[in-house]
Amino acid sequence: MKLDAISLSILWDRLISTCNEQVAALLKTSFSPVVREAGDLAAGLFDPEGRMLCQPITGTPGHINPLSTGVKNMLREIPSAALKPGDVLVTNDPWLTTGQLLDVTVLVPIFRQGNLVAHFAATCHMVDISGYGPGSGATDVYEEGMQLPIMYLRREGVMDPTLETLFRWNIRDPEHFIGDLNAMVASCYVGGQKLVSLLDEYNLAGLAEIGEEILARSRRAQREAIRRIPDGIYEGGLTIDGFEEPIHLVSTVTVRDGEVDIDFAGTSPESPRGINVVLNYAAGYATFAIRSATAPEIPNNDGCMELIRVHAPPGCILNAKRPAPTSGRHLVGQFATEAVLDALRTVIPERALADGAGAISTVEVRGRDGERQFTLFVTISGGMGARPTKDGLSTVSFPACIASVPVEVWETTIPVFIHRRALRQDSGGAGTFRGGLGQTVEFSVPFVDRWLANLMTDRNIFPARGFAGGHDGALGRLCLQSGEALPTKGRATFTRDQVVCLETAGGGGWGDPRKRAVEAVAADVQEGYVSESAAREVYGVVCDAQGGWQRETREGVGKSSQVNSHERGSEQ
(Lines give C-alpha, C1' and ligand atoms only; values in the text may rest on other atoms or scores of the structure.)
Protein backbone atom coordinates (compact mmCIF):
# COMPACT_ATOMS: atom_id res chain seq x y z
CA MET A 1 0.00 0.00 0.00
CA LYS A 2 1.33 3.41 -0.98
CA LEU A 3 1.58 5.72 2.04
CA ASP A 4 0.44 8.98 0.45
CA ALA A 5 -0.88 11.76 2.67
CA ILE A 6 -4.53 10.71 2.39
CA SER A 7 -3.84 7.03 3.08
CA LEU A 8 -1.64 7.90 6.04
CA SER A 9 -4.32 10.20 7.47
CA ILE A 10 -6.95 7.47 7.20
CA LEU A 11 -4.71 4.84 8.77
CA TRP A 12 -3.65 7.23 11.53
CA ASP A 13 -7.27 7.95 12.48
CA ARG A 14 -8.00 4.24 12.47
CA LEU A 15 -5.04 3.54 14.77
CA ILE A 16 -6.23 6.22 17.18
CA SER A 17 -9.65 4.58 17.13
CA THR A 18 -8.12 1.24 18.17
CA CYS A 19 -6.66 2.94 21.25
CA ASN A 20 -9.97 4.65 21.97
CA GLU A 21 -11.73 1.29 21.71
CA GLN A 22 -9.13 -0.12 24.09
CA VAL A 23 -9.69 2.54 26.75
CA ALA A 24 -13.48 2.45 26.30
CA ALA A 25 -13.43 -1.26 27.11
CA LEU A 26 -11.23 -0.59 30.13
CA LEU A 27 -13.50 2.15 31.49
CA LYS A 28 -16.62 0.02 31.02
CA THR A 29 -15.24 -3.12 32.68
CA SER A 30 -13.07 -1.71 35.49
CA PHE A 31 -14.16 -2.41 39.06
CA SER A 32 -12.61 0.69 40.69
CA PRO A 33 -14.20 4.17 40.65
CA VAL A 34 -10.78 5.83 40.39
CA VAL A 35 -10.37 4.11 37.01
CA ARG A 36 -13.98 3.87 35.85
CA GLU A 37 -15.04 7.40 36.85
CA ALA A 38 -11.83 9.42 37.15
CA GLY A 39 -9.87 7.87 34.29
CA ASP A 40 -6.71 7.43 36.38
CA LEU A 41 -5.04 5.28 33.72
CA ALA A 42 -2.96 5.07 30.60
CA ALA A 43 -3.19 2.91 27.49
CA GLY A 44 -1.42 2.76 24.19
CA LEU A 45 -0.33 0.97 21.04
CA PHE A 46 3.33 -0.05 20.70
CA ASP A 47 5.30 -1.54 17.84
CA PRO A 48 7.14 -4.87 18.31
CA GLU A 49 10.25 -2.99 19.51
CA GLY A 50 8.23 -1.26 22.25
CA ARG A 51 8.01 2.22 20.70
CA MET A 52 4.74 3.97 21.48
CA LEU A 53 2.90 4.86 18.25
CA CYS A 54 -0.29 6.36 19.64
CA GLN A 55 -2.45 6.72 22.71
CA PRO A 56 -6.20 7.28 23.30
CA ILE A 57 -7.79 10.64 23.99
CA THR A 58 -7.64 10.10 27.75
CA GLY A 59 -4.85 9.29 30.18
CA THR A 60 -2.63 11.13 32.67
CA PRO A 61 0.88 12.42 31.80
CA GLY A 62 2.20 10.63 34.87
CA HIS A 63 0.96 7.35 33.44
CA ILE A 64 1.14 7.58 29.66
CA ASN A 65 4.67 8.99 29.33
CA PRO A 66 6.22 6.56 31.87
CA LEU A 67 4.22 3.74 30.23
CA SER A 68 6.36 4.24 27.14
CA THR A 69 9.48 3.72 29.24
CA GLY A 70 7.87 0.85 31.15
CA VAL A 71 7.06 -1.13 28.01
CA LYS A 72 10.68 -0.92 26.87
CA ASN A 73 11.84 -2.11 30.31
CA MET A 74 9.41 -5.04 30.21
CA LEU A 75 10.59 -6.11 26.75
CA ARG A 76 14.20 -5.78 27.83
CA GLU A 77 13.51 -8.31 30.60
CA ILE A 78 11.29 -10.63 28.51
CA PRO A 79 11.96 -9.94 24.79
CA SER A 80 9.25 -9.94 22.15
CA ALA A 81 10.80 -13.04 20.57
CA ALA A 82 10.04 -15.04 23.72
CA LEU A 83 6.34 -14.14 23.79
CA LYS A 84 3.57 -16.39 22.50
CA PRO A 85 -0.13 -15.77 21.77
CA GLY A 86 -2.02 -15.53 25.06
CA ASP A 87 1.01 -14.39 27.08
CA VAL A 88 0.56 -11.34 29.31
CA LEU A 89 3.30 -9.53 31.24
CA VAL A 90 2.74 -7.59 34.45
CA THR A 91 4.72 -5.38 36.86
CA ASN A 92 4.32 -2.57 39.36
CA ASP A 93 8.03 -1.85 39.87
CA PRO A 94 8.04 1.92 40.60
CA TRP A 95 11.50 2.47 39.13
CA LEU A 96 10.71 0.70 35.87
CA THR A 97 7.22 2.11 35.25
CA THR A 98 5.09 4.89 36.75
CA GLY A 99 6.55 5.42 40.18
CA GLN A 100 4.39 3.69 42.79
CA LEU A 101 3.28 0.17 43.70
CA LEU A 102 -0.42 1.00 43.31
CA ASP A 103 0.09 1.52 39.57
CA VAL A 104 0.02 -1.86 37.84
CA THR A 105 1.05 -2.22 34.19
CA VAL A 106 0.14 -5.07 31.85
CA LEU A 107 1.51 -5.75 28.36
CA VAL A 108 -0.28 -7.94 25.79
CA PRO A 109 1.48 -9.01 22.56
CA ILE A 110 -0.75 -9.06 19.47
CA PHE A 111 -0.25 -11.69 16.78
CA ARG A 112 -1.56 -11.92 13.20
CA GLN A 113 -1.15 -15.11 11.22
CA GLY A 114 1.37 -16.30 13.81
CA ASN A 115 3.53 -13.17 13.60
CA LEU A 116 3.93 -10.56 16.32
CA VAL A 117 2.64 -7.25 14.93
CA ALA A 118 2.28 -5.00 17.99
CA HIS A 119 1.80 -4.69 21.73
CA PHE A 120 -1.04 -3.06 23.62
CA ALA A 121 -0.32 -1.97 27.18
CA ALA A 122 -2.26 -0.36 30.01
CA THR A 123 -1.56 1.09 33.45
CA CYS A 124 -4.21 1.58 36.13
CA HIS A 125 -4.21 2.92 39.65
CA MET A 126 -5.33 0.13 41.99
CA VAL A 127 -7.29 0.81 45.18
CA ASP A 128 -5.07 -1.53 47.20
CA ILE A 129 -1.83 -3.46 46.82
CA SER A 130 -1.47 -4.69 50.43
CA GLY A 131 0.85 -2.94 52.88
CA TYR A 132 0.33 0.64 54.03
CA GLY A 133 -2.10 1.57 51.28
CA PRO A 134 -2.37 4.78 49.24
CA GLY A 135 -0.83 7.19 51.73
CA SER A 136 2.48 8.94 52.35
CA GLY A 137 3.26 7.54 55.80
CA ALA A 138 5.41 4.53 54.88
CA THR A 139 9.17 4.68 55.39
CA ASP A 140 10.27 2.39 52.54
CA VAL A 141 8.82 0.64 49.51
CA TYR A 142 8.64 -2.69 51.35
CA GLU A 143 6.19 -1.22 53.84
CA GLU A 144 4.05 0.20 51.02
CA GLY A 145 2.81 -3.11 49.63
CA MET A 146 3.35 -6.07 47.33
CA GLN A 147 6.05 -5.71 44.67
CA LEU A 148 5.56 -7.41 41.33
CA PRO A 149 8.76 -7.71 39.30
CA ILE A 150 8.44 -7.99 35.53
CA MET A 151 6.85 -11.41 35.15
CA TYR A 152 4.17 -13.42 33.37
CA LEU A 153 0.59 -12.81 34.48
CA ARG A 154 -0.67 -15.31 31.91
CA ARG A 155 1.10 -17.94 29.82
CA GLU A 156 -0.69 -18.86 26.60
CA GLY A 157 -3.96 -17.61 28.06
CA VAL A 158 -3.77 -19.23 31.52
CA MET A 159 -3.36 -17.03 34.59
CA ASP A 160 -0.51 -17.97 36.90
CA PRO A 161 -2.32 -19.81 39.75
CA THR A 162 0.38 -19.10 42.33
CA LEU A 163 0.26 -15.39 41.58
CA GLU A 164 -3.54 -15.37 41.82
CA THR A 165 -3.34 -17.09 45.21
CA LEU A 166 -0.90 -14.45 46.45
CA PHE A 167 -3.30 -11.71 45.34
CA ARG A 168 -6.20 -13.33 47.17
CA TRP A 169 -4.24 -13.74 50.39
CA ASN A 170 -2.46 -10.38 50.50
CA ILE A 171 -4.80 -7.77 49.05
CA ARG A 172 -7.67 -6.32 51.08
CA ASP A 173 -10.18 -6.49 48.22
CA PRO A 174 -8.85 -9.17 45.87
CA GLU A 175 -12.01 -9.32 43.74
CA HIS A 176 -11.64 -5.65 42.78
CA PHE A 177 -7.91 -6.05 42.18
CA ILE A 178 -8.22 -9.16 40.00
CA GLY A 179 -11.24 -7.63 38.27
CA ASP A 180 -9.22 -4.57 37.32
CA LEU A 181 -6.34 -6.75 36.11
CA ASN A 182 -8.72 -8.71 33.89
CA ALA A 183 -10.26 -5.45 32.64
CA MET A 184 -6.82 -4.20 31.59
CA VAL A 185 -5.99 -7.44 29.80
CA ALA A 186 -9.39 -7.56 28.09
CA SER A 187 -9.04 -3.95 26.92
CA CYS A 188 -5.68 -4.77 25.31
CA TYR A 189 -7.26 -7.67 23.44
CA VAL A 190 -10.09 -5.38 22.27
CA GLY A 191 -7.49 -3.01 20.85
CA GLY A 192 -5.64 -5.97 19.33
CA GLN A 193 -8.75 -7.28 17.59
CA LYS A 194 -9.40 -3.86 16.08
CA LEU A 195 -5.79 -3.61 14.94
CA VAL A 196 -5.75 -7.06 13.29
CA SER A 197 -9.04 -6.22 11.55
CA LEU A 198 -7.45 -3.02 10.23
CA LEU A 199 -4.38 -4.86 8.96
CA ASP A 200 -6.59 -7.44 7.26
CA GLU A 201 -8.72 -4.75 5.63
CA TYR A 202 -5.71 -3.00 4.11
CA ASN A 203 -3.71 -6.18 3.54
CA LEU A 204 -0.82 -4.96 5.70
CA ALA A 205 1.65 -7.48 7.10
CA GLY A 206 2.38 -5.26 10.11
CA LEU A 207 3.04 -1.73 11.33
CA ALA A 208 6.67 -1.33 10.28
CA GLU A 209 6.19 1.14 7.42
CA ILE A 210 3.32 3.16 8.85
CA GLY A 211 4.94 3.17 12.29
CA GLU A 212 8.18 4.64 10.97
CA GLU A 213 6.26 7.31 9.05
CA ILE A 214 4.17 8.28 12.09
CA LEU A 215 7.22 8.57 14.33
CA ALA A 216 9.18 10.53 11.72
CA ARG A 217 6.38 13.02 11.11
CA SER A 218 5.76 13.50 14.83
CA ARG A 219 9.48 14.01 15.45
CA ARG A 220 9.75 16.55 12.63
CA ALA A 221 6.69 18.53 13.75
CA GLN A 222 7.81 18.59 17.39
CA ARG A 223 11.29 19.77 16.41
CA GLU A 224 9.86 22.65 14.42
CA ALA A 225 7.61 23.62 17.33
CA ILE A 226 10.55 23.65 19.77
CA ARG A 227 12.54 25.81 17.34
CA ARG A 228 10.00 28.59 17.92
CA ILE A 229 11.60 28.95 21.37
CA PRO A 230 14.88 30.89 21.10
CA ASP A 231 17.92 28.75 21.87
CA GLY A 232 19.13 29.39 25.39
CA ILE A 233 19.25 28.30 29.01
CA TYR A 234 16.26 29.19 31.18
CA GLU A 235 15.87 28.71 34.93
CA GLY A 236 12.82 28.39 37.14
CA GLY A 237 11.33 26.56 40.07
CA LEU A 238 8.97 26.77 43.03
CA THR A 239 8.58 25.81 46.68
CA ILE A 240 5.90 23.41 47.91
CA ASP A 241 4.77 22.24 51.35
CA GLY A 242 6.59 18.92 51.58
CA PHE A 243 6.01 16.51 54.46
CA GLU A 244 7.99 17.80 57.44
CA GLU A 245 9.80 20.66 55.70
CA PRO A 246 9.38 22.64 52.47
CA ILE A 247 10.59 21.18 49.19
CA HIS A 248 12.37 23.27 46.56
CA LEU A 249 12.09 22.22 42.93
CA VAL A 250 14.70 23.80 40.66
CA SER A 251 14.57 23.48 36.88
CA THR A 252 17.05 24.42 34.18
CA VAL A 253 15.67 24.17 30.65
CA THR A 254 18.17 24.16 27.79
CA VAL A 255 16.75 24.69 24.29
CA ARG A 256 19.06 23.98 21.40
CA ASP A 257 18.31 23.28 17.73
CA GLY A 258 14.82 21.90 18.24
CA GLU A 259 15.63 19.74 21.24
CA VAL A 260 15.18 20.28 24.99
CA ASP A 261 17.16 19.15 28.01
CA ILE A 262 15.55 19.60 31.43
CA ASP A 263 17.76 19.35 34.52
CA PHE A 264 16.43 19.36 38.08
CA ALA A 265 19.85 19.79 39.73
CA GLY A 266 19.49 21.83 42.93
CA THR A 267 16.18 20.20 43.87
CA SER A 268 15.67 19.08 47.49
CA PRO A 269 16.91 15.63 48.52
CA GLU A 270 14.58 12.65 48.83
CA SER A 271 12.30 12.43 51.85
CA PRO A 272 12.12 9.71 54.53
CA ARG A 273 8.35 9.72 53.86
CA GLY A 274 6.34 8.41 50.92
CA ILE A 275 6.35 11.53 48.74
CA ASN A 276 9.42 10.61 46.71
CA VAL A 277 9.37 10.55 42.92
CA VAL A 278 11.13 8.23 40.49
CA LEU A 279 12.66 9.83 37.42
CA ASN A 280 10.16 8.22 35.02
CA TYR A 281 7.26 10.00 36.73
CA ALA A 282 9.06 13.35 37.00
CA ALA A 283 10.02 13.09 33.34
CA GLY A 284 6.41 12.38 32.40
CA TYR A 285 5.21 15.67 33.85
CA ALA A 286 8.27 17.65 32.74
CA THR A 287 7.82 16.38 29.17
CA PHE A 288 4.13 17.27 29.35
CA ALA A 289 5.08 20.88 30.17
CA ILE A 290 7.15 21.20 26.99
CA ARG A 291 4.61 19.35 24.85
CA SER A 292 1.66 21.44 26.04
CA ALA A 293 3.56 24.73 25.78
CA THR A 294 4.91 24.13 22.27
CA ALA A 295 2.64 21.90 20.22
CA PRO A 296 -0.25 20.25 22.06
CA GLU A 297 -1.87 19.38 18.74
CA ILE A 298 0.93 16.97 17.79
CA PRO A 299 0.06 13.35 18.66
CA ASN A 300 1.86 12.07 21.74
CA ASN A 301 4.24 9.25 20.87
CA ASP A 302 7.89 8.27 21.03
CA GLY A 303 8.70 10.39 17.98
CA CYS A 304 8.02 13.69 19.70
CA MET A 305 9.00 12.63 23.23
CA GLU A 306 12.51 11.55 22.28
CA LEU A 307 13.45 15.19 21.62
CA ILE A 308 12.84 16.06 25.29
CA ARG A 309 15.34 14.64 27.77
CA VAL A 310 14.96 14.91 31.54
CA HIS A 311 17.72 14.62 34.14
CA ALA A 312 17.78 14.77 37.94
CA PRO A 313 20.60 13.95 40.36
CA PRO A 314 20.19 10.47 41.91
CA GLY A 315 18.99 10.87 45.46
CA CYS A 316 17.06 14.09 44.93
CA ILE A 317 13.32 13.95 45.52
CA LEU A 318 12.62 13.81 41.75
CA ASN A 319 15.00 10.86 41.27
CA ALA A 320 14.68 8.85 44.46
CA LYS A 321 16.76 5.72 44.91
CA ARG A 322 15.38 2.30 45.76
CA PRO A 323 13.94 1.49 48.35
CA ALA A 324 12.56 4.98 49.03
CA PRO A 325 8.79 5.10 49.67
CA THR A 326 6.89 6.58 46.70
CA SER A 327 3.16 5.98 47.23
CA GLY A 328 2.42 9.72 47.49
CA ARG A 329 4.72 10.68 44.60
CA HIS A 330 2.02 12.78 42.91
CA LEU A 331 2.25 15.33 45.74
CA VAL A 332 5.67 16.35 44.41
CA GLY A 333 5.96 14.93 40.89
CA GLN A 334 2.96 16.77 39.47
CA PHE A 335 4.66 20.06 40.36
CA ALA A 336 7.44 19.23 37.88
CA THR A 337 5.17 20.70 35.20
CA GLU A 338 5.00 24.03 37.02
CA ALA A 339 8.75 24.07 37.65
CA VAL A 340 9.39 23.74 33.90
CA LEU A 341 6.70 26.25 32.93
CA ASP A 342 8.23 28.72 35.40
CA ALA A 343 11.51 28.51 33.51
CA LEU A 344 9.72 29.26 30.23
CA ARG A 345 7.69 32.26 31.43
CA THR A 346 10.43 34.71 30.51
CA VAL A 347 10.79 33.44 26.95
CA ILE A 348 7.24 32.36 25.98
CA PRO A 349 5.00 34.25 28.44
CA GLU A 350 2.03 33.88 26.10
CA ARG A 351 2.18 30.09 26.54
CA ALA A 352 2.89 29.69 30.28
CA LEU A 353 -0.01 29.91 32.70
CA ALA A 354 0.14 31.00 36.34
CA ASP A 355 0.64 28.45 39.08
CA GLY A 356 -2.32 26.24 39.91
CA ALA A 357 -3.23 23.92 42.75
CA GLY A 358 -0.76 21.54 41.11
CA ALA A 359 -0.92 18.14 42.75
CA ILE A 360 -4.38 16.66 43.14
CA SER A 361 -5.58 15.93 46.67
CA THR A 362 -6.31 12.27 47.30
CA VAL A 363 -8.36 10.53 49.96
CA GLU A 364 -8.58 6.84 50.78
CA VAL A 365 -11.44 5.94 53.12
CA ARG A 366 -11.25 2.53 54.76
CA GLY A 367 -13.24 0.65 57.39
CA ARG A 368 -15.39 -2.34 58.23
CA ASP A 369 -19.19 -2.52 58.07
CA GLY A 370 -20.05 -5.71 59.91
CA GLU A 371 -18.35 -8.54 58.04
CA ARG A 372 -17.65 -6.35 55.01
CA GLN A 373 -14.35 -4.52 54.67
CA PHE A 374 -14.69 -1.44 52.48
CA THR A 375 -12.24 0.93 50.84
CA LEU A 376 -12.53 3.82 48.39
CA PHE A 377 -9.84 5.96 46.76
CA VAL A 378 -10.81 9.30 45.21
CA THR A 379 -9.09 12.37 43.79
CA ILE A 380 -10.17 15.95 44.58
CA SER A 381 -8.87 18.76 42.38
CA GLY A 382 -8.16 22.43 42.98
CA GLY A 383 -8.05 25.46 40.70
CA MET A 384 -5.98 25.81 37.54
CA GLY A 385 -3.78 28.87 37.14
CA ALA A 386 -5.00 31.74 34.99
CA ARG A 387 -3.82 31.84 31.41
CA PRO A 388 -2.35 34.95 29.76
CA THR A 389 -5.59 35.45 27.82
CA LYS A 390 -8.21 33.45 29.78
CA ASP A 391 -9.33 32.63 33.29
CA GLY A 392 -8.08 29.44 34.88
CA LEU A 393 -10.51 26.54 35.02
CA SER A 394 -12.11 25.71 38.37
CA THR A 395 -11.62 22.33 40.07
CA VAL A 396 -9.63 20.90 37.19
CA SER A 397 -6.76 18.53 37.89
CA PHE A 398 -4.11 20.24 35.80
CA PRO A 399 -1.64 18.79 35.01
CA ALA A 400 -2.95 15.34 36.05
CA CYS A 401 -5.90 15.64 33.65
CA ILE A 402 -8.24 13.23 35.43
CA ALA A 403 -11.88 13.66 36.36
CA SER A 404 -13.44 13.80 39.81
CA VAL A 405 -15.38 10.84 41.17
CA PRO A 406 -19.05 11.90 41.47
CA VAL A 407 -20.57 12.16 44.94
CA GLU A 408 -23.18 9.56 44.00
CA VAL A 409 -20.41 7.04 43.32
CA TRP A 410 -18.79 7.75 46.70
CA GLU A 411 -22.04 7.04 48.50
CA THR A 412 -22.99 3.92 46.53
CA THR A 413 -19.54 2.32 46.74
CA ILE A 414 -18.95 2.58 50.51
CA PRO A 415 -21.06 3.73 53.51
CA VAL A 416 -19.84 7.34 53.32
CA PHE A 417 -22.05 10.43 53.60
CA ILE A 418 -21.20 13.63 51.70
CA HIS A 419 -22.38 16.64 53.69
CA ARG A 420 -21.27 19.28 51.22
CA ARG A 421 -19.40 19.75 47.96
CA ALA A 422 -19.11 23.28 46.61
CA LEU A 423 -16.86 25.79 44.89
CA ARG A 424 -14.82 28.01 47.23
CA GLN A 425 -15.80 31.62 46.72
CA ASP A 426 -12.83 34.02 46.31
CA SER A 427 -10.31 31.13 46.18
CA GLY A 428 -9.16 31.91 42.63
CA GLY A 429 -6.31 34.43 42.56
CA ALA A 430 -7.50 37.84 41.40
CA GLY A 431 -6.17 39.21 38.13
CA THR A 432 -7.01 40.58 34.73
CA PHE A 433 -7.67 36.89 34.24
CA ARG A 434 -8.78 35.10 37.39
CA GLY A 435 -7.36 31.86 38.71
CA GLY A 436 -9.61 28.81 38.85
CA LEU A 437 -11.53 28.12 42.06
CA GLY A 438 -10.85 25.33 44.51
CA GLN A 439 -13.59 23.32 46.17
CA THR A 440 -14.86 22.31 49.60
CA VAL A 441 -15.74 18.67 50.32
CA GLU A 442 -17.18 17.64 53.69
CA PHE A 443 -17.75 13.94 54.42
CA SER A 444 -18.17 11.41 57.22
CA VAL A 445 -18.88 7.71 57.72
CA PRO A 446 -21.76 7.82 60.23
CA PHE A 447 -22.69 4.15 59.80
CA VAL A 448 -19.66 2.59 61.55
CA ASP A 449 -18.07 3.31 64.92
CA ARG A 450 -14.54 3.91 63.64
CA TRP A 451 -13.00 4.45 60.21
CA LEU A 452 -9.70 5.72 58.86
CA ALA A 453 -8.58 7.93 56.03
CA ASN A 454 -5.26 8.31 54.23
CA LEU A 455 -5.12 12.00 53.36
CA MET A 456 -2.68 13.59 50.92
CA THR A 457 -2.84 17.31 50.13
CA ASP A 458 -0.51 20.20 49.29
CA ARG A 459 -0.68 23.98 48.75
CA ASN A 460 -1.62 24.44 52.41
CA ILE A 461 1.48 26.55 53.19
CA PHE A 462 2.76 27.86 49.84
CA PRO A 463 0.00 29.21 47.56
CA ALA A 464 -0.26 29.04 43.79
CA ARG A 465 1.59 32.13 42.61
CA GLY A 466 -0.01 34.81 40.50
CA PHE A 467 1.99 36.46 37.72
CA ALA A 468 2.26 39.78 35.89
CA GLY A 469 0.50 41.51 38.79
CA GLY A 470 -1.99 38.71 39.44
CA HIS A 471 -2.69 37.66 43.01
CA ASP A 472 -1.89 34.31 44.58
CA GLY A 473 -4.61 31.68 44.85
CA ALA A 474 -6.14 30.78 48.21
CA LEU A 475 -4.39 28.18 50.34
CA GLY A 476 -5.91 24.76 50.87
CA ARG A 477 -7.08 23.56 54.27
CA LEU A 478 -7.77 20.21 55.93
CA CYS A 479 -9.67 20.08 59.22
CA LEU A 480 -12.64 18.67 61.07
CA GLN A 481 -15.95 20.47 60.68
CA SER A 482 -15.37 21.75 64.22
CA GLY A 483 -12.27 23.59 62.97
CA GLU A 484 -9.66 21.27 64.49
CA ALA A 485 -6.73 20.99 62.08
CA LEU A 486 -5.82 17.61 60.59
CA PRO A 487 -2.44 16.44 59.27
CA THR A 488 -2.28 17.40 55.60
CA LYS A 489 -0.36 14.23 54.75
CA GLY A 490 -0.92 11.06 56.69
CA ARG A 491 -3.38 8.63 58.18
CA ALA A 492 -6.02 9.52 60.76
CA THR A 493 -8.77 7.58 62.52
CA PHE A 494 -12.26 9.02 62.99
CA THR A 495 -15.48 8.22 64.80
CA ARG A 496 -18.98 8.14 63.32
CA ASP A 497 -19.82 11.69 64.41
CA GLN A 498 -16.69 13.39 63.02
CA VAL A 499 -16.91 15.25 59.71
CA VAL A 500 -13.79 15.86 57.61
CA CYS A 501 -13.58 19.14 55.70
CA LEU A 502 -11.13 19.33 52.79
CA GLU A 503 -10.65 22.65 50.98
CA THR A 504 -8.48 22.60 47.87
CA ALA A 505 -6.31 25.50 46.78
CA GLY A 506 -7.21 28.04 44.11
CA GLY A 507 -5.12 28.93 41.07
CA GLY A 508 -3.04 32.07 40.74
CA GLY A 509 -4.24 35.09 38.77
CA TRP A 510 -2.65 36.70 35.72
CA GLY A 511 -2.36 40.47 35.30
CA ASP A 512 -3.54 43.48 37.34
CA PRO A 513 -6.99 42.80 38.89
CA ARG A 514 -7.93 46.46 38.35
CA LYS A 515 -7.74 45.86 34.61
CA ARG A 516 -10.26 43.04 34.64
CA ALA A 517 -13.33 43.83 32.55
CA VAL A 518 -16.26 45.14 34.59
CA GLU A 519 -18.53 42.67 32.80
CA ALA A 520 -16.31 39.77 33.89
CA VAL A 521 -16.29 40.87 37.53
CA ALA A 522 -20.08 41.33 37.49
CA ALA A 523 -20.52 37.83 36.03
CA ASP A 524 -18.21 36.36 38.70
CA VAL A 525 -20.26 37.95 41.49
CA GLN A 526 -23.53 36.77 39.98
CA GLU A 527 -22.19 33.22 39.69
CA GLY A 528 -20.88 33.27 43.24
CA TYR A 529 -17.24 32.92 42.23
CA VAL A 530 -16.28 36.33 43.70
CA SER A 531 -17.87 38.09 46.67
CA GLU A 532 -19.17 41.66 46.41
CA SER A 533 -16.59 42.76 48.97
CA ALA A 534 -13.74 41.26 46.89
CA ALA A 535 -15.18 42.85 43.75
CA ARG A 536 -15.02 46.24 45.46
CA GLU A 537 -11.76 45.93 47.39
CA VAL A 538 -9.66 43.88 44.96
CA TYR A 539 -11.12 44.60 41.53
CA GLY A 540 -12.43 48.12 42.20
CA VAL A 541 -15.87 47.26 40.81
CA VAL A 542 -19.07 48.15 42.71
CA CYS A 543 -22.79 47.64 42.33
CA ASP A 544 -24.92 50.79 42.60
CA ALA A 545 -28.44 51.14 43.94
CA GLN A 546 -29.94 50.45 40.51
CA GLY A 547 -28.13 47.12 40.19
CA GLY A 548 -25.57 48.37 37.69
CA TRP A 549 -21.88 47.47 37.95
CA GLN A 550 -19.27 50.20 37.54
CA ARG A 551 -15.56 50.80 37.88
CA GLU A 552 -14.78 52.66 41.10
CA THR A 553 -12.53 55.72 40.65
CA ARG A 554 -10.55 57.77 43.12
CA GLU A 555 -13.27 60.42 43.09
CA GLY A 556 -16.01 57.85 43.70
CA VAL A 557 -18.06 55.59 41.50
CA GLY A 558 -17.30 55.98 37.83
CA LYS A 559 -20.01 56.32 35.22
CA SER A 560 -18.47 54.30 32.45
CA SER A 561 -18.47 50.55 31.81
CA GLN A 562 -21.88 50.28 33.44
CA VAL A 563 -23.43 46.82 33.39
CA ASN A 564 -26.94 46.11 34.61
CA SER A 565 -27.01 42.88 36.62
CA HIS A 566 -30.51 41.97 35.41
CA GLU A 567 -29.49 42.42 31.78
CA ARG A 568 -26.29 40.47 32.31
CA GLY A 569 -28.21 37.60 33.80
CA SER A 570 -30.62 37.62 30.87
CA GLU A 571 -27.72 37.43 28.42
CA GLN A 572 -26.30 34.40 30.21
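The model is predicted: local features need pLDDT of at least 70, side-chain atom pairs count only at pLDDT 80 or more, and totals for chains, interfaces and linings use all residues. Residues are numbered from 1 along each chain as its sequence is written, and side-chain values use heavy atoms, leaving out hydrogens and water.

Start with helix α1 (residues 5–29) and helix α6 (residues 174–201). Helices here are DSSP runs (H or I, at least four residues), numbered from the N terminus. The axes of α1 and α6 lie 8 Å apart, at an angle of about 155°. Axes are lines fitted to C-alpha atoms over the stretch in contact, and angles run from 0 to 180 degrees between N-to-C directions. So α1 is roughly antiparallel to α6 (the term covers angles over 145 degrees). Residues in the contact (heavy atoms within 4.5 Å) include Leu11 and Leu15 of α1 and Met184 and Leu195 of α6.

Now turn to helix α5 (residues 161–170). The axes of α5 and α6 come within 8 Å and cross at roughly 140°. That makes α5 oblique to α6. Phe167 of α5 and Leu181 of α6 are among the contact residues.

Phe167 and Leu181 are among the residues that touch the most other members of the largest nonpolar core, which has 105 residues. Such a core is a set of buried Ala, Val, Leu, Ile, Met, Phe, Trp, Tyr and Cys residues joined through side-chain atoms within 4.5 Å; buried means under 20% relative accessible area, with a 1.4 Å probe and protein chains only. Helix α6 gives the most to this core, with 11 residues.

Notes: Helix = DSSP H or I, 4+ residues; strand = E, 2+ residues; numbered from the N terminus. Parallel < 35°, antiparallel > 145°, perpendicular 65-115°, else oblique. Buried < 20%, exposed > 50% of the residue type's maximum accessible area, 1.4 Å probe, protein only.
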